[in-house]
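Hi everyone, thanks for coming along. I'd like to walk you through one model this morning, so please have a look at the screen.

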Amino acid sequence: MLLQMRSARQKSTPRPLPPIARLAVALEIFLGLGALFGGGALILAPDGHLLGMPTKLLAGSPFPSFLVPGIILFSCVGLAPLLAAAITIRRNGFAPLAAVAVGLTLIGWVAVEMVVLAGPGSLAWTLYLVLGSCIAAIGVTWWRSGSVT
């Protein structure tokens, strides 16, 4: 009988992810892929020429080139959201908190970027602040709803 129950459990298809989880996955993948591209370009060309960013943008910052910011962008804003999406797809109970962490990390990244690069002057910064806020809000709402898997 136990063998039949195990066999039945293995044949059953998993329930679809809740809509809020699917939204988190979509936004995390969008963010992660974009940051992998941007961070990878900065790692490959620390002078910023692949993205059309002159190193004079870094004047007054602690960085002589875009190498360290590229590594941080690639890992923290690129790999981390993809990991959070994978955690969600695997239906891990920490998935909502991972979404909150991704959103707050993005907000922090943009805030530091605005300070280091001298002020809030880019529409892209606004887009990414809104994206980070949305991902964090989705994570909090999802966590509070209790529908993790």
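Some housekeeping. This is a predicted model, so local features need pLDDT of at least 70 and side-chain atom pairs count only at pLDDT 80 or more, while totals for chains, interfaces and linings use all residues. Residues are numbered from 1 along each chain as its sequence is written, and side-chain values use heavy atoms, with hydrogens and water left out.

Now the overall picture. The protein chain has five helices and zero strands, and its pattern along the sequence is α-α-α-α-α. Helices here are DSSP runs of H or I with at least four residues, strands are E runs of at least two, and the numbering goes from the N terminus. Of the 149 residues in the protein chain, 33% are buried. A contact, for me, means heavy atoms within 4.5 Å. Among contacts with a separation of 6 or more, 68% are between residues 24 or more positions apart.

Let's turn to helix H3, residues 67-89. Its 23 residues reach 32 Å from first C-alpha to last, close to the 33 Å expected at 1.5 Å a residue. That expected span is 1.5 Å times one less than the number of residues. Where does H3 bend? The bend is at Leu79, by about 30°, and a proline, Pro81, follows within four residues. The angle is taken between axes fitted to the seven residues ending there and the seven starting there. Pro81 is also among the buried residues of H3, a list that includes Leu73, Val77, Ala84, Ala85 and Thr88. The cover over the buried residues of H3 includes helix H2 (19-44), helix H4 (95-116) and helix H5 (123-145).

Here is a residue I'd like you to look at: Glu28, in helix H2. Glu28 is buried, yet has no salt bridge. By salt bridge I mean a side-chain nitrogen of Lys or Arg within 4 Å of a carboxyl oxygen of Asp or Glu. The nearest side chain of opposite charge is Arg22, 13 Å away; for charges, Lys and Arg count as positive and Asp and Glu as negative, with His and the chain ends not counted. What does Glu28 touch, then, beyond residues up to four places away in sequence? The answer is Pro81, Leu82, Ala84, Ala85, Thr88, Ala99 and Val102.

After H3 comes Arg91, in the loop between H3 and H4. Phi of Arg91 is positive, near 60°, in a residue other than glycine. Most residues other than glycine have a negative phi. At 27% relative accessibility, Arg91 counts as partly exposed. One of its contacts is Leu17, which sits in the loop between helix H1 (2-11) and H2. Leu17 is buried, at 13% relative accessible area, and also touches Arg22, Thr88 and Ile89.

On to H4. This helix has 22 residues and reaches 31 Å from its first C-alpha to its last, close to the expected 32 Å. Its buried residues pack against H2, H3 and H5. Among them is Ala98, which counts as buried at 17% relative accessibility; its C-alpha is 8.8 Å from that of Ala80. Further along H4 is Ile107, partly exposed at 26%. Leaving aside neighbours within four places in sequence, Ile107 is in contact with Leu129, Gly132 and Ser133.

Last stop, helix H5, where we find Arg144. Is Arg144 buried or exposed? With a relative accessible area of 70%, Arg144 is exposed. Its C-alpha lies 9.0 Å from that of Pro96, 48 residues apart along the chain. Thanks, everyone!

Definitions and conventions: Buried < 20%, exposed > 50% of the residue type's maximum accessible area, 1.4 Å probe, protein only.
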